[in-house]
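Reader: I have a new structure open and would like to learn how to read it. Could you take me through it feature by feature?

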Amino acid sequence: MPVVKVRFAPSPTGNLHVGNLRTAVLNYLYARNQGGTFILRIEDTDMERSEARYETSIMDDLKWLSINWDDGPYRQSERTDLYRDFANTLLEKGLAYKCFCPKEKLENARHASLDKGEPPRYDGRCRALSPEELKSFEEEGKPYVVRFRAPRKAIFFRDGIRGQIEFPPDHVDDFILLKQELTPSYNFAAAIDDMTMGITHVIRGGDHISNTPKQIMLFEAFRKKPPKYAHHSLLVGNDKKPLSKRHGATRITEFRDMGILNVALLNYMGILGRGVMKEVMNEDELARTFTLKSLSGSDSVFDMEKLFWFNKEHIRRMPVERLLEVTGLDQTYSEKVFLLRENARTVVEIRELLSIFEGTEIADSGLSYLASSSCFQAVVAVVRNALNDSRDITLEDILEKVVHTVDAPKKELFLVLRILITGRTDGPPLKDIFHFIPSVHILERIRWLDQRLSSQ
RNA sequence: GGUCCCAUAGUCUAGUGGCCUAGGACGCUGGCCUCUCACGCCGGAAACGGGGGUUCGAAACCCCCUGGGACUACCA
């Protein structure tokens, strides 16, 4: 049994979005599950649209998710000679031919047949050029492309996720191998790369199913055994359309900015569209339990709410040390972060909750509750006096004073107190956090509240 | 138009002919716990796209329809 070798082959024509990312994750997990190698290959044969900055950002995103490649990155733009060699071999064997048809003419013919409701395919005009014609075109220096002499035969393969898939003999026409600049087309480059790199399993999106017969034919033309193919479903947005640049938060870095943990994103990508026994898993568990068979063939909606849930779960499991790192806080915060993490879905929320210890204002939610409370002025007075009498007063003492002086439901009293002390309506138990909050901050908050009320 | 893929609750799935009065998870929701929120615990609403077969029996198998999607480029 040969060692498993898979690849992730993005084209650097844009930033990675979750759809592409999922393909990378699936390949990565399969490689790790099988003890195989994971190759990164940059498919930059489209000179027009490929940009170096996208290549960089794709690699940065992969690194952030700890999806490390064992080999590469290979760039197709650096392998042009290789593709030409392979094309020449085909030319020599008569398995490919030069096509001199002008681009515009083909384009027109294509639209014409499309309008007539006919299949738009190459008419094979240059398929059987006479030696004389060929020679004269070549001497003229007439531009050409290299076309594959596609055999008219049915192609079938066993998909690792979908099972048997079969294509009729006329599915593939004489597609282009080398474009006019003699650079490879996608299908040619992909097949040659998979062939020469010894890829054993091609795991990619279902949008490539119809390309597969072309690539298999190429393998057969070189008398090579094609890899195993597995076409996973596509990720779609709420509108059920495949994810693309159009959909909101498509940039991976945006997830990081939102306070999403890399392990949470990896987790979600690793189980989305899959039937699993347990959902919350770390990288090792994800790899250990991964099988192609567990992948579903139908498209999956990317659900941000579910990602938030995974994030929350991972925040709660993460060592405080690590949490401090991603939050950008030093050791002195470890107790506070430890207390706050139960209340946060994202690392951004952890930072916001820090205002409990450091802020001197009162959040809107707190303000609106106070506005609906009839007793808060009385509580303010008690708290202020208590604090002025002694800066070392305990929460218990304050509580007792408030309960004895102000006549209001206990629940209301407690909430008002919480708001005055923390500036928020949510947060960990007051008794756990009170000793971290300097009394001057509380007095400051009360002063802020006074000003706010008097200025209205 | 042609070819191919897909079809269980709002979402992701389990289900390989009887164990399904369809299970789990997110979300939503009622209650308990509680100074608030969160956590936790206990409950609830919510699905087999439609029609034909096959079978003693169909969510599961076959066919048709419908609906989504992909490919059909000198894009990848």
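**Reading the model**

Author: Let us start with one residue: Pro73 lies in strand β3, residues 71-75. Helices (H or I, at least four residues) and strands (E, at least two) are DSSP runs, numbered from the N terminus. This is a predicted model, in which local features need pLDDT of at least 70, side-chain atom pairs count only at pLDDT 80 or more, and totals for chains, interfaces and linings use all residues; side-chain values use heavy atoms, with hydrogens and water left out. Residues are numbered from 1 along each chain as its sequence is written, while chains are lettered from A and ligands numbered from 1 in the order in which they are written.

Reader: What is the mean pLDDT of chain A?

Author: The term pLDDT is the predictor's confidence in each residue, from 0 to 100. For chain A the mean is 92, and 98% of the residues reach 70 or more. For the complex, the predictor gives an ipTM of 0.95 and a pTM of 0.94.

Reader: Back to Pro73. Is the peptide bond from Gly72 to Pro73 cis or trans?

Author: As a general idea, most peptide bonds are trans, and most residues other than glycine have a negative phi. The bond from Gly72 to Pro73 is cis, with omega near 5°.

Reader: Which residue other than glycine has a positive phi?

Author: One of them is Arg223, with phi near 55°. Arg223 sits in the loop between α7 (212-221) and β10 (228-232). Another is Lys240, whose phi is about 70°; Lys240 belongs to the loop between β11 (235-236) and α8 (252-258).

Reader: Is Arg223 buried or exposed?

Author: Buried means under 20% relative accessible area, exposed over 50%, and partly exposed in between, with a 1.4 Å probe and protein chains only. Arg223 is exposed, at a relative accessible area of 78%. Lys240 also counts as exposed, with 58% relative accessibility.

Reader: Now for the RNA. How many residues surround RNA strand B?

Author: A residue is near a molecule or strand if one of its heavy atoms lies within 4 Å of it. Here 61 residues surround RNA strand B, and the closest are Thr45, Arg162, Lys241, Glu279 and Asn343. Of the RNA atoms that come within 4 Å of the protein, sugar and phosphate account for 77%. The residues of this surface divide into 19 nonpolar, 18 polar and 24 charged. In this sorting, Ala, Val, Leu, Ile, Met, Phe, Trp, Tyr, Cys and Pro count as nonpolar, Asp, Glu, Lys and Arg as charged, and the others, Gly among them, as polar.

Reader: Which element supplies the largest share of the surface near RNA strand B?

Author: That is α11, with five residues. Elements that each supply at least two residues include α11 (304-317), β7 (163-167) and α19 (410-422).

Reader: Where does a polar side-chain atom of Lys312 lie?

Author: It lies 3.0 Å from a phosphate oxygen of RNA strand B.

Reader: What is the volume of the largest pocket?

Author: Rolling a probe the size of a water molecule over the atoms shows where empty space is left. On a 1 Å grid over the protein atoms alone, a cavity is a set of points where a 1.4 Å probe fits but cannot get out, and a pocket is an open set with protein on both sides within 12 Å along at least five of seven lines; lining residues have an atom within 4 Å of a point. Grid points are joined across faces, edges and corners, and a volume is the space filled by probe spheres set on the points. The largest pocket holds about 1,200 Å³. Its lining has 41 residues, and Lys103, Leu106, Glu107, Arg147 and Ile176 are the closest to its centre. The most, seven residues, come from α4.

Reader: Which residues line the largest cavity?

Author: They are Asp44, Thr45, Met47, Gln76, Ser77, Thr80, Thr183 and Pro184. This cavity has a volume of about 30 Å³.

Key
A polar contact is a pair of N or O atoms within 3.5 Å; within protein, one must be able to donate a hydrogen and the other to accept it, and residues adjacent in sequence count only if both atoms are side-chain atoms.
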